[in-house]
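Open the model in your viewer and keep the selection panel at hand.

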Amino acid sequence: MKKTLLVTGGCGFIGVNFVRLVLATRDDLHVINLDKLTYAGNLQSLADVEDHPDYTFVRGDICDDALIGDLFERHNIQAVVHFAAESHVDRSITGPDAFVRTNVFGTFTLLENARKYWLEHGRGNDESRFLHVSTDEVYGSLGKTGYFTEETPYDPRSPYSASKASSDHFARAYFHTYGLPVLITNCSNNYGPYQFPEKLIPLVLNNALAGKPLPVYGDGGNIRDWLYVQDHCEAILRVLDQGRVGQSYNIGGHNEKTNLEVVEKLCDMVDKRVGLLNNRPRRELITFVADRPGHDRRYAIDASKIDQELGWRPKFTFDQGMEKTVDWYLKNRSWSESVMDGSYQDYYETMYGKGK
Ligand code: NAD
Ligand code: TYD
């Protein structure tokens, strides 16, 4: 008997990579992908797996209590990997409402339905798992030294990280209060195929190819700890399979880079692959712009717990991951074009018709 895994937000950047990994490597799981298809959801990214026998897509909102309850009952869901979220810090600064709604209330709605179905109705079993996917941003900002561990006190500083911190607290509370089999992962910045081009790496790649300015916030000295998305997805599967319920696991790439280093590297990689732009190196497109309000200075993950307990560590170095990423975006320019001209949003109507 296959186990039914509810993946929320499976049409987003990490969700798409995760669904692909599960379908390619696991024959013991059937994936239900629940996604609202906000601006960040791209159903086209999974077009080639749509007919896979172990895959079902459902369009819907994680805040919709009746829909979630029905999904648990109808599909006897025994595991949840919860990605769905509003995920962009800049958008959380200009419009925090959707972050509170989806990230906090949506997570609560999922937890509550898992509790009712698995515990109250007695339909769970020893293998039931609720994996809440979160971020290292809940820990706040580091100075020049030190790392985030699972014991670092929460100190969120943007509306995005505040909403994720709140959802983490609810997830943990459901473990302590009700014994819901919750696991939490806190991961650093991901990069790789299918990332929406509002985030630093795909934005810079697209602008560099188009010869447009490359906006670097502040002095470009902010540090992120970059992880190739496939490594993150493999870590999530490892935690789902082997993690101890009630525990949090930090996931990181051991790849601390300043934003300027990342942008300069992308410029050089694009120059090398497609040639200079009007005989000028693309580094000349770098434009320092006003800093993000409350911009966290440095994130860096201590990932020794997941390494020691579960034997996970990243497979890809930053150079390897960046090679794969830049090559993917160059080979799949039509994917970026359909996102940038908005036509990716027509795919659902075309495939599923109105009202489905
Ligand atoms: P994303 O913005 O690319 O995708 C989010 C997905 O969730 C989209 O498909 C969107 O349509 C869907 N969604 C949004 N609101 C919804 C709702 N109310 N109901 C159902 N679906 C909804 O995000 P991502 O970068 O793939 O991140 C996925 C998760 O991983 C998030 O929880 C994020 O906080 C976390 N995370 C991301 C990173 C990163 O670097 N991207 C790092 C650590 C953790
Ligand atoms: P981002 O990809 O938005 O991820 P996060 O804010 O979750 O870390 O940004 C990564 C870093 O790049 C962050 O320090 C902000 C910076 N940044 C720029 O300098 N220019 C940009 O255009 C963007 C989108 C981000």
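Helices and strands here are DSSP runs numbered from the N terminus, a helix having at least four residues and a strand at least two. A residue counts as near a ligand, and so as part of its shell, if one of its heavy atoms lies within 4 Å of the ligand. The model is predicted.

**Stop 1: ligand 2 and its shell**

Select ligand 2 and the residues around it. There are 15 of these residues, and E137, N189, R224, R292 and H295 come nearest. Next, colour the shell by residue class: six residues are nonpolar, four are polar and five are charged.

Which helix and which strand each supply at least two residues of this shell? They are helix 6, residues 200-210, and strand 8, residues 214-217. Strand 8 gives the largest share, three residues.

**Stop 2: polar contacts of ligand 2**

Show the side chain of E137. An N or O atom in that side chain is 2.6 Å from an oxygen atom of ligand 2. Move to R292, where a polar side-chain atom also lies 2.6 Å from an oxygen atom of the ligand. At N189, the distance from a polar side-chain atom to an oxygen atom of ligand 2 is 2.9 Å. On its own, ligand 2 has 510 Å² of accessible area, and the protein covers 96% of it.

**Stop 3: ligand 1 and its shell**

Now select ligand 1. It is surrounded by 28 residues, with D35, F83, S87, Y160 and K164 the closest. By class, the shell holds 12 nonpolar, 12 polar and four charged residues.

Select helix 1 (13-25), strand 5 (129-135) and helix 5 (159-178): each supplies at least two residues of the shell around ligand 1. The largest share, three residues, belongs to strand 5.

**Stop 4: polar contacts of ligand 1**

Begin with D35, which has a side-chain N or O atom 2.6 Å from an oxygen atom of ligand 1. At T38 the backbone takes part: one of its N or O atoms lies 3.0 Å from an oxygen atom of the ligand. D61 points you to a nitrogen atom of ligand 1, which lies 2.9 Å from a polar side-chain atom of that residue. Ligand 1 taken alone exposes 840 Å², of which the protein buries 97%.

**Stop 5: helix 6 and helix 8**

The crossing of helix 6 past helix 8 is right-handed.

Conventions:
Residues are numbered from 1 along each chain as its sequence is written. Chains are lettered from A and ligands numbered from 1 in the order in which they are written. This is a predicted model: local features need pLDDT of at least 70, side-chain atom pairs count only at pLDDT 80 or more; totals for chains, interfaces and linings use all residues. Side-chain values use heavy atoms; hydrogens and water are left out. A polar contact is a pair of N or O atoms within 3.5 Å; within protein, one must be able to donate a hydrogen and the other to accept it, and residues adjacent in sequence count only if both atoms are side-chain atoms. Accessible areas come from the Shrake-Rupley method with a 1.4 Å probe; for residues, only the protein chains shown count as cover. Ala, Val, Leu, Ile, Met, Phe, Trp, Tyr, Cys and Pro count as nonpolar, Asp, Glu, Lys and Arg as charged, and the others, Gly among them, as polar. A crossing is left-handed if the near helix is turned anticlockwise from the far one by less than a right angle, and right-handed if clockwise.
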